[in-house]
Amino acid sequence: MRTGQGSRRVDPLVVHAVTLGAFFAAAAAPTPLYRIYQETLALSPVFVTLVFAVYAVALLKALLVAGSLSDHLGRRPVIAGALWLEAAAMGLFLLVGNGPGWLVVARIVQGLATGIAAASLGAALVDVDRARGPIVNAVAPLAGMAVGALGTSALTQYAPLPLHLVYGVLLCTFAGLALAVRLIPESAATRPGALASLRPRMAVPPRIRRPLALVTPINIANWTLGGFYLSLVPSVVAAATGSRAPLTGGAVVAALMVAGAVTVLLRRTAPPRENLTFGVLTTAFGVVGVVAGIHAASVPVLILATLVTGCGFGTSFLGTLGTIMPLAEPDERAGLLAAFYVQSYLAFSLPAVGAGFLARALGYAATADLYAAAILVVSLTGLATMRVRAGRELAAA
């Protein structure tokens, strides 16, 4: 590790944490604007969910292809490159008023930048602080998305240029962070093989296949829930409650992320099986409350129920990762994580596209009902299967 004057001027952990949070804040920034895009650009719910899906697919591709690039080129140059690419994406968002195609292009570029950044920043955080780095890795994305959803909503509702100001602010933020990264020391040594590292690698060791299969239904339901919130929930809230205020939908989305981040901090030392049980049951209780809030057209009920749902959302994520990752050897973790994120981001994006078709055909309230029912069935079935399997193993022992 190289040291220098930069290490005395800024704390690398703080810079990396803020940078990671900023990427995910920008990822959530379009969410409160989707409804406005629909109205001003005459977009269908299907198009909105497709825009959301292309971001997730681009992010996944970047994770798979460039996930280990910083191991070869160093953390700083890869992070800086991702920051400038993200700044370019913010510039593309400023052109969305010229046509919906710019929205697709901007989201693709943003997904690529976020995927590259997530991998390199995640590694850099562990480099600089092995104790606190993993905690920041878990909390910063959720906290960033909460800030992005709420901040965008506030700017849209109270500031001028509702479709442009937030992207101008973010563009300046990423340019500033790209300069700040130059002030911190490099935390990883460079090594040859950068081109070879771009070949995607996925591998689930045989001994981990059964544990992964057991948590897969819970993981799919959890990421499907997150995708629904970040793609359609502001439109669902507006249709159900009649509130056209962007801050209302943004507050509901932010509630999920805030509760998830807080619960990750509180339950990070709990056993994975306990986290999965707590997460699934809490999510189920919260989702029922969300559906009740939609049909009662009550914003307070929606926010309260979403806070409960968020507690389950964050804990289920902890539980799924905590179940499989400790079983992997150090040289197996990258391939296992790649397989895990392929599963997760497909669940994050593809059901959201289906929800777009349902919303166009049945309306937002009916779509929310069906989505909630699917999440409940899949997650509770997964939990029951896991507990039955655990009971059999205990009896056999």
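**Exercise 1. Which residues are linked with Arg-35 in a network of salt bridges?**

Solution. The model examined here is predicted. In this model, Arg-35 is joined with Glu-39 and Arg-244 in a network of salt bridges. The count of salt bridges comes to six.

**Exercise 2. Describe the salt bridges of Arg-75 and the surroundings of the residues involved.**

Solution. Step one is to identify the partners. Arg-75 forms a salt bridge with Asp-71, with the closest N and O atoms 2.7 Å apart. The side chain of Arg-75 also meets that of Asp-127 in a salt bridge, at 2.7 Å from N to O. Step three concerns accessibility. Arg-75 has a relative accessible area of 7% and is buried, because buried means under 20%. Asp-71, at 25%, is partly exposed.

**Exercise 3. Determine which parts of the chain are tied together by Glu-332 and Arg-207.**

Solution. The contact itself is a salt bridge between Glu-332 and Arg-207, whose closest N and O atoms are 2.4 Å apart. Glu-332 lies in the loop between helix 14 (299-324) and helix 15, whereas Arg-207 lies in helix 10 (residues 206-231); the pair therefore ties together parts that are 125 residues apart in sequence. Arg-207 counts as partly exposed, with 44% relative accessibility.

**Exercise 4. Is Ser-349 buried or exposed, and what does Ser-349 touch?**

Solution. First, Ser-349 is located in helix 15 (residues 333-362). Next, its relative accessible area is 1%, so Ser-349 is buried. Its side chain reaches the backbone oxygen of Tyr-345 at 2.8 Å. Finally, setting aside residues up to four places away in sequence, Ser-349 touches Phe-52, Ala-53, Ala-56 and Val-57.

**Exercise 5. Locate Gly-382 and list its contacts beyond four places in sequence.**

Solution. Gly-382 is part of helix 16 (residues 364-396). With a relative accessible area of 2%, Gly-382 is buried. Apart from neighbours within four places in sequence, Gly-382 is in contact with Leu-214, Pro-217 and Ile-218.

Terms used: Residues numbered from 1 in each chain as written. Predicted model: local features only at pLDDT ≥ 70, side-chain atom pairs only at ≥ 80, totals over all residues. Heavy atoms only, no water. Helix = DSSP H or I, 4+ residues; strand = E, 2+ residues; numbered from the N terminus. Buried < 20%, exposed > 50% of the residue type's maximum accessible area, 1.4 Å probe, protein only. Polar contact = N/O pair within 3.5 Å; in protein donor to acceptor, adjacent residues only side chain to side chain. Contact = heavy atoms within 4.5 Å. Salt bridge = Lys/Arg side-chain N within 4 Å of Asp/Glu carboxyl O.
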